[in-house]
Amino acid sequence: MGLDLHYWTDNDDLRETEEQHELHYLTRTFADFMFRKNVIMNEEEAELDQIGKITEVDISIIYQMLEYPQEIQIEHELELVQDEEAEQKILDDAEKSKAEIENNLDKVLVTINSLLEKLSKIEDLNKLLLPPDYDTLNSEYYFSDFNVDKGNFGQDLRNFKRFLEFAKEYGAKTVWFMFC
């Protein structure tokens with residue numbers, strides 16, 4: 001059992017059919033991939049950071065999608081504080097994080113399109129990435145055959161793009177990730 005990564009938008013009425021969900025679905029490996037920056041050790045660099053350098057694409061907006069504060073997280077943090085000043089800091093930080101990604105959908109879509117365009121021209125991405133000390137992604141497979149849909153990084157990015165286009169079509173302006 002592990003964490004799954006789901007998209008969330010500012011359009012609470014956005015509903016996918018089962019067929020659409022299959023076209024937008026992110027693998028559990030993608031969830032691990034996005035969380036790698038927090039778990040790698042030594043002087044290693046997360047694969048997304050490496051991919052940003054290889055493609056010369058600023059991937060910071062993708063990381064920002066992980067920072068959107070979830071209400072349950074805010075409530076939990078508020079339960080642990082001892083004074084009003086600390087409580088206000090938590091609330092202010094949450095509002096700041098929300099404001100930083102507000103109306104980000106178009107920027108995220110541009111970033112994903114840039115990654116898709118550049119990575120589709122790279123053969124053997126898996127061989128360009130530095131091998132991690134502890135490979136939780138099965139990198140040899142996950143980063144191989146970018147242009148083939150086989151539950152790999154290429155398919156995850158294409159599914160990500162389809163979701164962003166779907167969300168935009170239905171009026172969403174802000175998108176973020178939620179771990180479930």
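## Terms and basis

The axes are lines fitted to C-alpha atoms, for helices over the stretch in contact, and the angles run from 0 to 180 degrees between N-to-C directions. Helices (H or I, at least four residues) and strands (E, at least two) are DSSP runs, numbered from the N terminus.

The model is predicted: local features need pLDDT of at least 70 and side-chain atom pairs count only at pLDDT 80 or more, while totals for chains, interfaces and linings use all residues. Residues are numbered from 1 along each chain as its sequence is written, and side-chain values use heavy atoms, with hydrogens and water left out.

## Helix 7 and helix 10

The axes of helix 7 and helix 10 cross at roughly 150 degrees and come within 10 Å. The two helices are therefore roughly antiparallel to each other. Their crossing is left-handed, a term used if the near helix is turned anticlockwise from the far one by less than a right angle, with right-handed used if it is turned clockwise.

Contact here means heavy atoms within 4.5 Å. On the side of helix 7, the contact includes Leu 105, Val 108, Leu 109, Ile 112 and Leu 116, and on the side of helix 10 it includes Phe 153, Leu 157, Phe 160, Lys 161 and Leu 164. By class, the contact of helix 7 with helix 10 comprises 12 nonpolar, two polar and five charged residues. In this classification Ala, Val, Leu, Ile, Met, Phe, Trp, Tyr, Cys and Pro are nonpolar, Asp, Glu, Lys and Arg are charged, and the others, Gly among them, are polar.

## Helix 5 and helix 6

Helix 5 (residues 71–80) and helix 6 (residues 84–101) pack at an angle of about 160 degrees, and their axes are 9 Å apart. They are therefore roughly antiparallel to each other, and their crossing is right-handed. Helix 5 contributes Glu 71, Ile 74, Glu 77 and Leu 78 to the contact, and helix 6 contributes Glu 87, Ile 90, Leu 91, Ala 94 and Lys 98. The contact of helix 5 with helix 6 holds five nonpolar, no polar and four charged residues.

## The enclosed helix 3

Residues are buried under 20% relative accessible area, exposed over 50% and partly exposed in between (1.4 Å probe, protein chains only). Helix 3 (residues 47–55) has seven of its nine residues buried, so it is largely enclosed by the rest of the structure. These buried residues are Glu 47, Leu 48, Asp 49, Gln 50, Ile 51, Gly 52 and Thr 55. Their cover includes helix 2 (28–35), helix 4 (60–64), helix 7 (105–119), helix 8 (125–128), helix 9 (139–142) and helix 10 (153–169).

Just after helix 3, Glu 56 takes a positive phi of about 60 degrees. Within helix 9 is Ser 139, a buried residue with a relative accessible area of 10%. Leaving aside its neighbours within four places in sequence, Ser 139 is in contact with Glu 47, Asn 126 and Ser 144.

A nonpolar core is a set of buried Ala, Val, Leu, Ile, Met, Phe, Trp, Tyr and Cys residues joined through side-chain atoms within 4.5 Å. In the largest such core, which has 41 residues, Phe 30, Phe 33, Phe 153, Phe 160 and Phe 177 touch the most other members. The elements that give two or more residues to this core are strand 1 (5–9), helix 2, helix 3, helix 4, helix 7, helix 10 and strand 2 (175–179). Leaving aside neighbours within four places in sequence, Phe 177 has contacts that include Leu 5, Tyr 7, Phe 30, Ile 62 and Phe 160.

Met 178 belongs to strand 2 and is buried, with a relative accessible area of 16%. Phe 179 also lies in strand 2, but counts as partly exposed at 24% relative accessibility. The C-alpha atoms of Phe 179 and Phe 35 are 9.9 Å apart, although the two residues are 144 residues apart in sequence.

## Two loop residues

Asp 124 lies in the loop between helix 7 and helix 8, and its phi is near 60 degrees, a positive value in a residue other than glycine. Asp 145 lies in the loop between helix 9 and helix 10, with a positive phi near 45 degrees. Asp 124 is partly exposed, with a relative accessible area of 44%, and Asp 145 is partly exposed, with 45%.

Key. Angles under 35 degrees count as roughly parallel, over 145 as roughly antiparallel, 65 to 115 as roughly perpendicular and the rest as oblique.
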